[in-house]
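Colleague: Hi! Could you walk me through this model? I have a few quick questions.

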Amino acid sequence: MTALISLRGVQKYYGTYHALRGIDLDIKAGEFFSLLGPSGCGKTTLLRTIAGFEGLSDGTLKIDGKDMSGVPANLRPTNMVFQSYAIFPHLSVAENVAFGLRKSSMSKKEKSAAVKEALDMVGLGGFGGRASHALSGGQRQRVALARALILKPKVLLLDEPLSALDKKMREQMQVELIRLQRQVGITFILVTHDQEEALVMSDRIAVMFEGEIGQMDDPETLYRAPNSRRVAEFIGKMNFLTGVVTTDGGTVSVDVAGLGRAELPASQVPQGTVPGKVSIGIRPETLAILFDGETTQRRVVDATVSEVVYYGDMTYYDVRIAGVESALTISMKNLIGRPVLDVGAKTKVIWDERSLVLLPA
Amino acid sequence: MKGSGLKIYAIAYLLFLYAPILLLPIFAFNDGTIIAFPLQGFTTKWFGELWTNKALHDAVGNSLFIAMMTAIFATLLGVCAARAGAMASFPGKKGITGFIMLPLVLPEIIVAVSLLIVLRQVLDMQLSNWTIIMAHVLICTPFSIAILNGAFQNIDPALEEAALDLGETRWSAFRLVILPLVVPGIISSMLISFTISLDEFIIAFFLTGSNPTMPVYIWGLLRFPASLPVVMALGTLLVTLSIVLLATAEYFRRRGLARAGIKDSGGFL
Ligand SMILES: Nc1ncnc2c1ncn2[C@@H]1O[C@H](COP(=O)(O)OP(=O)(O)OP(=O)(O)O)[C@@H](O)[C@H]1O
Ligand SMILES: [Mg+2]
């Protein structure tokens, strides 16, 4: 596999501040790749080094096999959608979109056809004559997309493009961006601090912490098998317990505090697991409450409800279990006939070995 | 009545400020050489004399030339300084900005005397329009920077990066994106500098060579009571011109802010 974008040992210092601490990254052509991480972890910095707005302090960056050191932003095969959209306020929508074509050899007619096509693609056909300040947030975002895509870049860089939109608009644009990416087949690199957005949209996600990549995987692997506690904490909701791993020949079992002993199938044992104390993650949806009249083949443990949060389609319970330090969160679908328990109710919690995610202690 | 004290104060203040200026047009059209009431009747002959006075024309010519050059150079310097100030910080930025703005509060007489000494004693230069232009650029640049700072700092830095990203060079990005957005500020700065330079007296008085500027010429006229009405006529024209220029400058400053989508926050008018 040859990567379209390839970073090796990339370091970035701002003065003495170490913003990128050795980034290794390969992004394939046509991939929808996301950089996800908490505020200040260096996502924007990484995106800007790829775009050419920031130089590297160390390491190499190749795009399409060519080393990018010394290549300024205007000569790179990348285009960017800025967080503030950066629509030129003194130009009309069409002039904004046509801006990048100034140096191209197209005839006037070809240019205006290209502008029309780009505007149609983002659903802004007929808006070309509008003054750019007379646009809504979502429309500005589309103009920024059209302006970047008209140049048919190899890579489109997007820095939190949806963060300024309201929830509804954001969800709509997520779907449109995915559709657009499939349609044009351009590699998208999306920066976001919204884990849900990253999970919904990406082929692959790199989770960043303090200038480093903590884990890089497809959304499902990232969610089901986080490789560290900080990744597990950042993606979705996760309960944390402690346990002790023991190995006996080929089988690995873990003694989970408060729940009991379970034998783990090989697929759930991360490489390099050694006997000893571990941290164990449990997703809320892999546990369940055993309601009156229901039966289960799985294991059960006594618990007391300590908090109830009702979401309509779901109810989130916090339960206390003897021997478990903090309350465990359980999410339950509100199926027909299923009651919502009260705080203080005695109940049973269903679990088994498939609930357990082994994390380094 | 509530606020009536304040109202009286405001009216008195405005009278004090503008009544003397109102006297200018009154006596400029008064048919009498003595500046005193009662008025003698209506005439435009003083304005007529303005048209035939060769020395005055030379002085006005000098002043216009100086004011024009000052406007251009002060604004050029202002653009550079404001642009540097709007970009990422560099070592000593605060100190440098402070020093650039200093002439704003420096007494003009001090500037005039020290410049005279430097030009004549140290550099041994001939006094000319250009020596005045240099001094006027010095006092106008801070005003220019103050106006242009506003214009530059209101621009989202991502706009320039977007232009670079779309294939423009640093220079063409500046020309195509930044410059159009600060044009109103540039016009405003040029008009303000022009106005300041046009009626500046102290520095011009010290640094003027054999050809006086208009304010210096007017000052010379004051020694001859008979020419006072002409001065009044000239003054009337100048006040009108100043008001028009300043109003235009303010119009452009506000339009610049509106264009960048910013709420107004002060200014000179
Ligand atoms: N020009 C700069 N000079 C100095 N430090 C900088 C500069 N740009 C960013 N930093 C620092 O580098 C770190 C990473 O910044 P970056 O903008 O990449 O974070 P981010 O992950 O995009 O965060 P956010 O989600 O808040 O946008 C931050 O601590 C920031 O303060
Ligand atoms: Mg950022």
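Colleague: Which residue does Glu168(B) form a salt bridge with?

Modeller: Glu168(B) pairs with Arg102(A), and their closest N and O atoms are 2.9 Å apart. A salt bridge here is a side-chain nitrogen of Lys or Arg within 4 Å of a carboxyl oxygen of Asp or Glu. Before we go on: this is a predicted model, where local features need pLDDT of at least 70, side-chain atom pairs count only at pLDDT 80 or more, and totals for chains, interfaces and linings use all residues. Residues are numbered from 1 along each chain as its sequence is written, chains are lettered from A and ligands numbered from 1 in the order in which they are written, and side-chain values use heavy atoms, with hydrogens and water left out.

Colleague: Thanks! How many salt bridges are there across the interface of chain B and chain A?

Modeller: The rule finds three. There are also nine residue pairs in polar contact between chain B and chain A, both residues being at pLDDT 80 or more. A polar contact is a pair of N or O atoms within 3.5 Å; within protein, one must be able to donate a hydrogen and the other to accept it, and residues adjacent in sequence count only if both atoms are side-chain atoms.

Colleague: And which element of chain B gives the most to the side that touches chain A?

Modeller: That is α7(B), with seven residues. The elements giving two or more residues to that side are α7 (157-165) and α8 (170-198) of chain B. Helices (H or I, at least four residues) and strands (E, at least two) are DSSP runs, numbered from the N terminus.

Colleague: How much area do the two chains bury between them?

Modeller: About 1800 Å², with 60% of it on carbon and sulfur atoms. Buried area is the accessible area (1.4 Å probe) that two parts lose on being put together, summed over both. In chain B, Glu161(B), Asp165(B) and Leu166(B) lose the most area to chain A, together 38% of what that side buries. The contact (heavy atoms within 4.5 Å) takes 19 residues from chain B and 20 residues from chain A.

Colleague: Switching to rings: how many aromatic pairs are there over all chains?

Modeller: The structure holds 13. Rings of Phe, Tyr and Trp (its six-membered ring) pair if their centres lie within 6.5 Å; planes under 30 degrees apart count as stacked, over 60 as edge-to-face and the rest as tilted. Phe53(A) and Phe82(A) have ring centres 6.0 Å apart and planes at 45°, so that pair is tilted. They are 29 residues apart and link distant parts of the chain.

Colleague: Are those two buried or exposed?

Modeller: Phe53(A) and Phe82(A) are both buried, meaning under 20% relative accessible area, with exposed over 50% and partly exposed in between (1.4 Å probe, protein chains only). Phe88(A) and Phe99(A) make another tilted pair, with centres 4.5 Å apart and planes at 45°. Phe88(A) is buried at 0% relative accessible area, and Phe99(A) is buried too, at 6%.

Colleague: Last one: what does the side chain of Thr315(A) make a polar contact with?

Modeller: With the side chain of Asn334(A), at 2.7 Å. Thr315(A) is in strand β17 (residues 314-320) of chain A and counts as buried at 0% relative accessibility. Not counting residues up to four places away in sequence, Thr315(A) touches several residues, including Val308(A), Tyr310(A) and Ile330(A).
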